[in-house]
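Please read the following paragraphs with the sequence and the model side by side.

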Amino acid sequence: MYPSMQDLKTALVKENYISDADSKRAEAVASTVGGYIDFLVGEGLLTKTLLGQALAEMNNVPFADLSQRSVTKDTLGKVPAALAREYRLVFIKEAGDTVTVATDTVSRIQPSMLAELFPNKKIQLCYTLPEYITDALSSYETPLATRFSQIIAEGKHVAPEIIDEIIKDAIAFRVSDIHFEPQANKIIMRFRVDGQLRLAGELPTNLYENILNHVKVESGMRIDEHLAPQDGAMQKIINDSVVDLRVSLIPTVQGEKIALRVLASYVQNYTFADIGLSETHNQSLLRHAAKPFGMILAVGPTGSGKTTTLYALVKMLNQPNVNITSIEDPVEYKIMGVNQIQVREAAKVTFARGLRSIVRQDPNIILVGEVRDGETAEIAVNAALTGHLLLSTMHANNAAAAIPRLMDMGIEPFLLASTLEVIIAQRLVRKICPNCRTSISVGEALKPLGKVGTLVSRHFSPEDSVFMGKGCNVCNNTGYSGRTALFEFVEITPDIKELILSRPSISEIEKAAYKQGNLPMFMDGMQKVKSGYTTISEVLRVVELPGGSNAH
């Protein structure tokens, strides 16, 4: 595994892999080792090979670059799966009287541990990067369908065991949602990975009723209800870790469909660096969040990461001397030290009613899950006006559109001008897989885009290079792994405050925002393309070209 950020920084700077200034830049935008490395690699300040060599030097062993090495059945058979997983160990080669193995946990392994496997052989231990080990270890996994067959053949606790196996795969592939979809003669399972749905497997219909009932019982639903939608939550212990799942059931003509939202730590622990804020946006948000009152809005469609952005902000603001209270629907992640309230329509706990009660609880900061109606908007604006920092989300196509939308909800322009601090619009794009990332010429990247490529080319020089993922086991041959966000900020400056008073159109707000230096979301996307985080086609998938269509 990776060492601490301080140890890594010391090694990279001491051995002249990067400059101290570049290391400090990476530290400024990243609070985790992964974010620190992503920044250095994304900015082209460090390659994966150089990183591996530096870490190998720290461990006093050679570096093994496994990025181009495929795992075969023959090499898998050299090291038992249990040993390989426990010590994150991969067989590389056997030459003469020497066997070479690689790991990312060098300090845990002694050559004598492998003496029985390779009698009369010298053991050459090498270091390789964690993602290469994870890629290789995935080859040990038995296909999901095979594991289902084994569970069914044993005939014990079929439903719980099948669900556990599905969730294990979901965690391994960093899945955000699991879908069980009844068909005429089978049950289709699909995973949403990095925002894209893909087929995960199939189940026979005769097992589905037991699985359905198990999910209902575990998530506190009525097992005798089959005609109405139901919502609940369940918890599973997978590989000694707690996994929270939000459960939704809806009746379809083929039967009840299950959707499980996986609330795992790989989403919960996001920081500003992880969600993709540039240094300029980061400083802007911190400046506005430091104010004692006002409103910060995150806008975008469903699934654009708005709540994740606000959670990252709340975690940064969460201090012992600050009272933070939220009302959410649903409460997706529990944050230690934050008073979180779940909307419950049956108990008449709505956003508006809950917000009224929160204001009487002496909060410093209030998080409202979503401004959905005029009543909630009015209470939120008044709370921001009377000494509270209010954070909320709203459905709007872009940052500028939030202002007319709030006015349509009945909020007076002078109140908006007095309370709004910054509006953040965002969309999620897939990140290029770091394990198989390769550079290509910008001309090669733009060629498949046709006329749109010609329009995009004005943002590059002909000699520029961009990046793409070739596809590997780590990213399931998609070329992408993980997601980041594209942002557009509208800061409510004195000029925009004055403009709000005249009930401006969306285009008038956009012109004023761009005039004061705020960039369109498309330009933030182009910056992330140039930094190697994502691809041109990904940006065009979620963001419209300024002043034009994205049709090829």
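An open sheet of six strands, in the order S6-S5-S4-S9-S8-S7, has antiparallel pairing. Strands here (E, at least two residues) and helices (H or I, at least four residues) are DSSP runs numbered from the N terminus, and two strands pair if DSSP finds at least two bridges between them. Strand S6 (196-203) and strand S7 (230-238) stand at the edges with a single partner strand each, so one side of each has no neighbour in the sheet. From one strand to the next, the twist averages 25 degrees. Axes are lines fitted to C-alpha atoms, for helices over the stretch in contact, and angles between N-to-C directions run from 0 to 180 degrees.

This is a predicted model, in which local features need pLDDT of at least 70 and side-chain atom pairs count only at pLDDT 80 or more, while totals for chains, interfaces and linings use all residues. Residues are numbered from 1 along each chain as its sequence is written, and side-chain values use heavy atoms, with hydrogens and water left out.

Leu245 has Val262 in S9 standing opposite. Strands of a sheet pair through backbone hydrogen bonds, in either a parallel or an antiparallel way. Helix H9 (residues 158-172) lies across strand S4 (175-182), strand S5 (187-193), S6, S7, S8 and S9, and runs at about 80 degrees to S7. Contact between such elements means heavy atoms within 4.5 Å.

Another open sheet is formed by seven strands in the order S12-S11-S13-S14-S10-S15-S18, and its pairing is mixed. Its edge strands are strand S12 (339-342) and S18, each of which pairs on one side only. The twist in this sheet averages 20 degrees from one strand to the next. Strand S10 (residues 294-299) pairs with S15 in the parallel sense over five bridges, and Val299 stands opposite Ala425 in S15. Helix H14 (residues 306-317) packs on the sheet and touches S10, strand S11 (324-328), S12, strand S13 (365-368), strand S14 (389-394), S15 and S18. The direction of H14 makes about 165 degrees with that of S14.

In which sense do S15 and S18 run? Strand S15 (residues 420-432) and S18 run antiparallel, joined by ten bridges. The bridge partner of Val422 in S18 is Glu491. Strand S18 (residues 480-491) is mostly covered, with ten of its twelve residues buried. Buried means under 20% relative accessible area, exposed means over 50%, and partly exposed is in between (1.4 Å probe, protein chains only).

The next topic is aromatic rings. Rings of Phe, Tyr and Trp (its six-membered ring) pair if their centres lie within 6.5 Å; planes under 30 degrees apart count as stacked, over 60 as edge-to-face and the rest as tilted. By this rule there are two aromatic pairs. Phe91 and Phe118 form a stacked pair, 5.9 Å centre to centre with 25 degrees between the planes. Phe91 lies in strand S1 (residues 89-95) and Phe118 in the loop between strand S2 (98-103) and strand S3 (122-127), so this pair ties together parts 27 residues apart in sequence. Both Phe91 and Phe118 are buried. Phe487 and Phe489 form an edge-to-face pair, 6.4 Å centre to centre with 75 degrees between the planes. Phe487 is buried at a relative accessible area of 0%, and Phe489 is buried at 1%.

Charges also sit over rings, a term that requires NZ of Lys or CZ of Arg within 6 Å of the ring centre and within 35 degrees of the ring normal. Arg430 lies over the face of Tyr480, 4.1 Å from the ring centre. The charged end of Arg437 sits over the ring of Phe467, at 4.0 Å from its centre.

How many disulfides are there? With a disulfide taken as a pair of cysteine sulfur atoms within 2.5 Å, the count is zero. Cys126 is buried, with a relative accessible area of 6%, and Cys436 counts as buried at 5% relative accessibility.

Two loop residues remain. Asn120, in the loop between S2 and S3, has a phi near 60 degrees, a positive value in a residue other than glycine. Asn120 counts as exposed, at 80% relative accessibility. Arg503 lies in the loop between helix H21 (494-500) and helix H22 (506-515). Phi of Arg503 is near 50 degrees, again positive in a residue other than glycine, and Arg503 is partly exposed, with a relative accessible area of 47%.
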